[in-house]
Amino acid sequence: MEWPVEVALARPVTQLPTGPSWAYEIKVDGHRAVLWRTEDGVRLQSRTGRDVTALWTDLAVAAMNLPPGVILDGEAVVYVAADDGTAHISFAAAQSRALSLPRRAKALADQHPATYVAFDILARPAAGFPDLRPRPYTERRQVLLDVLADIGPPVVPVWSTTDLDEALLWFETLEGTGVEGIVAKPLRSAYKAGRVWAKVRHADTVDATVVGFTGTVRHPKALAVRLPEGRVALSQRLTTALASVVGPRLVPQAGRTFTKAGDSYTPAVGDVVVEVVAGTTRHAVVTVMRLR
């Protein structure tokens, strides 16, 4: 398998699919990372294909216990102590690590070591699987559990169930712990690049000011919105109806601007306020538009 690998993604849905052909996993709030256990070391790849090993050296060291040739897909998360003494997953802590220079990332790792939550396995050559991607989810899940059985923290498998009621209980009770939702995966599905899974996330709806857009004024594709804490995020792709209403109210400014996640957009001014689902990942979700 060649580096980098294209990862599978999940499309947002409003409710989980039902039936006996689905598995449900908790969606933890961290940074996507493909973990490669090579013959002589470990490399970590971001969702976009960048080498981020230097930012997660604690995970690279821990993953040396994996058999050579194993490739895992999962999420790098950071636990921090809450006011009540319990630990919860902090996206802010993971984001600080991901945006740091290697030396700073090492200091952050000493303060808050990371955990790797593995939700898929793409290769296990020693067991005769140089490429597990064509195999169904059920088979990949079992191979993943076999590989991690004797490894232990900080490399752990994600919680998974085929019981919808159990998944809904996780969704209702784990909010606030760093679990941002549930991902549904077809039991018979292969691992494919693109949005082949479905996800339901917890949502906090807030007002946000539009500060830019991608595409053109006549046909804006996505909005750059400033969230209450000051972060600028790009929305998901706009529907035709929403774009037709927003576009005439945007006043573009010269140049390009970038979000903290590195996405570029055309700056704009105007009187557009949108109601967004303020997710903790790098994208906001525009749900309803309101005008001042």
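Student: Which residues does Arg-97 touch, not counting residues up to four places away in sequence?

Tutor: Keep in mind as we go that this is a predicted model. Arg-97 is found in helix α2, residues 91-98. Leaving out residues up to four places away in sequence, Arg-97 touches Leu-55, Trp-56, Asp-58, Ala-105, Leu-108, Ala-109, His-112, Pro-113 and Ala-114.

Student: And is Arg-97 buried or exposed?

Tutor: Buried means under 20% relative accessible area. Arg-97 has 1% relative accessibility, so Arg-97 counts as buried.

Student: What about Thr-138: buried, partly exposed or exposed?

Tutor: Thr-138 lies in helix α4, which covers residues 137-148. Because its relative accessibility is 42%, Thr-138 counts as partly exposed.

Student: How far apart in space are Thr-138 and Trp-22, C-alpha to C-alpha?

Tutor: Along the sequence, Thr-138 and Trp-22 are 116 residues apart. In space, their C-alpha to C-alpha distance is 9.9 Å.

Student: How many bridges join β10 to β11?

Tutor: Strand β10 takes in residues 179-186 and strand β11 residues 194-201, and the two run antiparallel. Within this pairing, Ile-182 has Val-200 as its bridge partner, and Gly-181 stands opposite Arg-201. The number of bridges joining β10 to β11 is four.

Student: Over how many bridges do β2 and β10 pair?

Tutor: Strand β2 is made of residues 22-28, and its pairing with β10 is antiparallel. One example is Ala-23, which stands opposite Lys-185 in β10. The bridges between β2 and β10 number seven.

Student: Now the rings. What kind of aromatic pair do Phe-119 and Trp-197 form?

Tutor: A search of the whole structure turns up four aromatic pairs. In this one, the centres of Phe-119 and Trp-197 are 6.0 Å apart, with 90° between the planes. Planes over 60 degrees apart are the cut-off here, and the pair is edge-to-face.

Student: Where in the chain do Phe-119 and Trp-197 lie?

Tutor: Both residues are buried, and their pair links distant parts of the chain, 78 residues apart. Phe-119 is in strand β7 (residues 114-123), while Trp-197 is in strand β11.

Student: Which residues form one aromatic cluster with Trp-197?

Tutor: Tyr-191 also makes an edge-to-face pair with Trp-197, 6.0 Å centre to centre and 75° between the planes. Tyr-191 is buried, as is Trp-197. The residues that form one cluster with Trp-197 are Phe-119 and Tyr-191.

Student: Which residue has its charged end over the ring of Trp-197?

Tutor: There is such an arrangement elsewhere too: the charged end of Arg-43 sits over the ring of Trp-3, 3.7 Å from its centre. Over the ring of Trp-197, 3.8 Å from its centre, sits the charged end of Lys-185.

Terms used. Residues numbered from 1 in each chain as written. Predicted model: local features only at pLDDT ≥ 70, side-chain atom pairs only at ≥ 80, totals over all residues. Heavy atoms only, no water. Buried < 20%, exposed > 50% of the residue type's maximum accessible area, 1.4 Å probe, protein only. Contact = heavy atoms within 4.5 Å. Pairing = 2+ DSSP bridges. Phe/Tyr/Trp six-rings, centres within 6.5 Å; stacked < 30°, edge-to-face > 60°. Lys NZ or Arg CZ within 6 Å of the ring centre and 35° of its normal.
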